[in-house]
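This report goes through one model with its sequence at hand, taking its parts in turn. Please keep the structure in view while reading.

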Amino acid sequence: MPGPGRTRPAGLIPHLYSQAMAVDEKETGFVKDIRKQSADFPGWYNDVVRKAQLADYSPVRGCMVIRPYGYAIWENIRDPLDALIKQTGHENWYFPALIPLSFLMKEAEHVEGFQPEFAMVTRGGGKDLEEPLVLRPTSETMIASVLRDYIQSYRDLPVLTNQWNNVFRWELRTRLFLRTLEFLWQEGHTFHETAAEAEEEVARMLDVYRQIAEDWCAVPVLAGRKSDTEKFAGAQYSTSIEGMMIDGKALQMGTSHYFGENFTRAYDLTFTGRNNERQYPHSTSWGMTTRMVGAVVMAHGDDSGMQLPPRIAPVQVIIVPIFRSDTERTQIENALVGVKEELKDIRVKVDWREERPGFKFNEWELKGVPIRLEIGPRDLAKGEATMVRRLDRSKRTVPLQELSLAIPAMLEEVQLALFKRARDFREQHTVRLDSLEALVKFFESSIGFVITPWCGREEDERTVKDRTTATTRVILSGSAGPDTPCAVCGRPATVEVSWGKSY
RNA sequence: CGGGGCGUAGCGCAGCCUGGUUAGCGCGCCUGCUUUGGGAGCAGGAGGCCGCGGGUUCGAAUCCCGCCGCCCCGACCA
């Protein structure tokens, strides 16, 4: 399914970098503000998120402050996702953040899954409330309770809702963007006449998430159904997209659930069908969160900091002016008028701060800006700018009049290169194995994903988790080939499943 | 909740063991000058309820008791 971001200016200056200048080795390894990625990945991640000013700790334990640069990245993910959600026929709603406890208690499995994570309001107006209100951990119960009144007939279906909001889950261990007590997301909730329609919806929205992850965030994903132990509380089944981070761990980046009649029965939401009989709609829900920002950091970063895919980079081109005198400064200012006109469709920023160029180079690299343009007296004398890309620090000069072609082409090239690099990394760290011993041995000495035939039994997941800490990620295929034994227990395998250590 | 660590300037820390002038260092911040093609240099300056409460003492950041908070590691999760 070609997403809106799939168009590429194919033939535009194809091999721009074949003549790239060699990278001076002395120019690497400058970052002293952040821990080494290879030595301490969690420490590196934390340093990058904070030093790049994406987010910071807040006065409240487990809650974060998203700073403008981090929020801008989220907006650049959110906006295309919102567009795709609307293109697929959904409408945005807003439902209350406070949910009566009794609503949440109605669906047994759902309650069991979420109750430990409830944050509850028990007082208001100076009095104890008659019924506690739960800060929404998700809105299935509220939405089912409300739509009960709006859905009467099969003619009212499908109802395709979405809402952008914040949710609360009282997590024990938190990490910036990856797991916080409060986070931002969208939650889609849909109601359908038939199971088939609902299941199509689940698959459709999972593919929307795949597009956002792959085409916009340049993070390749495995997409598929979750095992029963890993599914959402209350779902008949869940699907997810899973990306591999640079430490080889899996990160779940979006989920899409099929509920069947579970929720509509629990909330007595019915419609009169074509046969004039009362029926329960089949419902779905699906969500993608601010965790995506963390995924981008961990999928593309290096020892110098972030590397942002151009499509979601708040600043796509950073211009660093270099000058010694007021005269030179004025000359550059004048030249930049034309440059900005050439790049009027690009997110460009000029860094005029009173810092030395070298400082700015390092800082914008930490912030992951895809392209840097250096413009100084030497460049101006030749009517050029020096273009350096974050991807590999390769450097070349570009005539100022050619920037309007060269920059978009380079942005597109970088977008694809990041995706390809991440995909190659994942493929290099994915193996197919067919025995428990091989699986255990793999996770003792390696990182990454393992794909095995599997019979689907929960006991096997427990066995593998006990011995490796790895869990099933997604089921990749509904069949494992005839006469294939399960890698864990030897019983006949029914599926192919991916295993990985996860966040 | 179990185990470990830490609360001293915006951030990172030293000082505490062995109580005693005005609580110190690095980074950052402010001012000025010189600098500017890969994290500048010099000079000057501002900034502190030493987590909170109690005790011991002539005297507490330092010793004792209690409390609070945060971070890291083990059972849950987008």
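## A buried glutamine and its partners

In this predicted model, a polar atom of the Gln415 side chain lies 3.2 Å from the backbone oxygen of Asp215. The side chain of Gln415 also reaches the backbone nitrogen of Arg311, at 2.9 Å. Gln415 itself lies in helix 12, which covers residues 403–428, and with a relative accessibility of 3% Gln415 counts as buried, because the cut-off for that class is under 20%. When its neighbours within four places in sequence are left aside, Gln415 is in contact with Asp215, Trp216 and Ala218, and also with Pro309, Pro310 and Arg311.

Glu413 is found in helix 12 as well, but at 24% relative accessibility Glu413 counts as partly exposed.

## Division of the chain

Chain A is divided into domain 1 (41–300), domain 2 (307–425) and domain 3 (430–500). Taken over C-alpha atoms, the centres of domain 2 and domain 3 are separated by 46 Å.

An open sheet is formed by five strands in the order 16-15-17-18-19, and the pairing within it is mixed. Strand 16 (348–350) and strand 19 (395–399) stand at the edges with a single partner strand each, so one side of each is left without a neighbour in the sheet. From one strand to the next, the twist averages 25 degrees.

Strand 15 (residues 317–321) pairs with strand 16 in the parallel sense over three bridges, and with strand 17 in the parallel sense over five bridges. Val317 has a bridge partner on either hand, namely Val348 in strand 16 and Ile371 in strand 17. Strand 17 and strand 18 (residues 384–389), by contrast, pair in the antiparallel sense over four bridges, and here Leu373 stands opposite Met387 in strand 18.

How many residues of strand 17 are buried? The strand is mostly covered, with five of its five residues buried. In a regular strand the side chains alternate between the two faces of the sheet. From strand 17, Ile371, Leu373 and Ile375 point one way while Arg372 and Glu374 point the other way, and all are buried.

Helix 10 (residues 357–366) lies across strand 15, strand 16 and strand 17 (371–375), and runs at about 170 degrees to strand 15.

## The surface near RNA strand B

RNA strand B is surrounded by 39 residues, of which the closest are Leu172, Arg173, Arg179, Arg291 and Asp379. Of the RNA atoms within 4 Å of the protein, 40% belong to sugar or phosphate and the rest to bases. Strand 11 (250–260), helix 10, strand 17 and helix 11 (377–381) each supply at least two residues of the surface near RNA strand B, and the largest share, six residues, comes from helix 10.

A polar side-chain atom of Gln252 lies 2.5 Å from a sugar or linking oxygen of RNA strand B. Base nitrogens of RNA strand B are approached by Glu365, with a polar side-chain atom at 2.7 Å, and by Asp379, with a polar side-chain atom at 2.3 Å.

## Helix 1 and its ends

Helix 1 (residues 41–51) is largely enclosed by the rest of the structure, because eight of its eleven residues are buried. The buried residues are Phe41, Gly43, Trp44, Tyr45, Asn46, Asp47, Val48 and Val49, and they pack against strand 1 (55–57) and helix 8 (291–300).

At the N-terminal end, helix 1 is capped by Asp40, a side-chain oxygen of which lies 3.0 Å from the backbone nitrogen of Gly43. Just after helix 1, Gln53 takes a positive phi of about 65 degrees.

How values were computed:
Residues are numbered from 1 along each chain as its sequence is written. Chains are lettered from A and ligands numbered from 1 in the order in which they are written. This is a predicted model: local features need pLDDT of at least 70, side-chain atom pairs count only at pLDDT 80 or more; totals for chains, interfaces and linings use all residues. Side-chain values use heavy atoms; hydrogens and water are left out. Two strands pair if DSSP finds at least two bridges between them. Axes are lines fitted to C-alpha atoms, for helices over the stretch in contact, and angles run from 0 to 180 degrees between N-to-C directions. Contact means heavy atoms within 4.5 Å. Domain bounds come from an automatic or database domain assignment. Buried means under 20% relative accessible area, exposed over 50%, partly exposed in between (1.4 Å probe, protein chains only). A polar contact is a pair of N or O atoms within 3.5 Å; within protein, one must be able to donate a hydrogen and the other to accept it, and residues adjacent in sequence count only if both atoms are side-chain atoms. A residue is near a molecule or strand if one of its heavy atoms lies within 4 Å of it.
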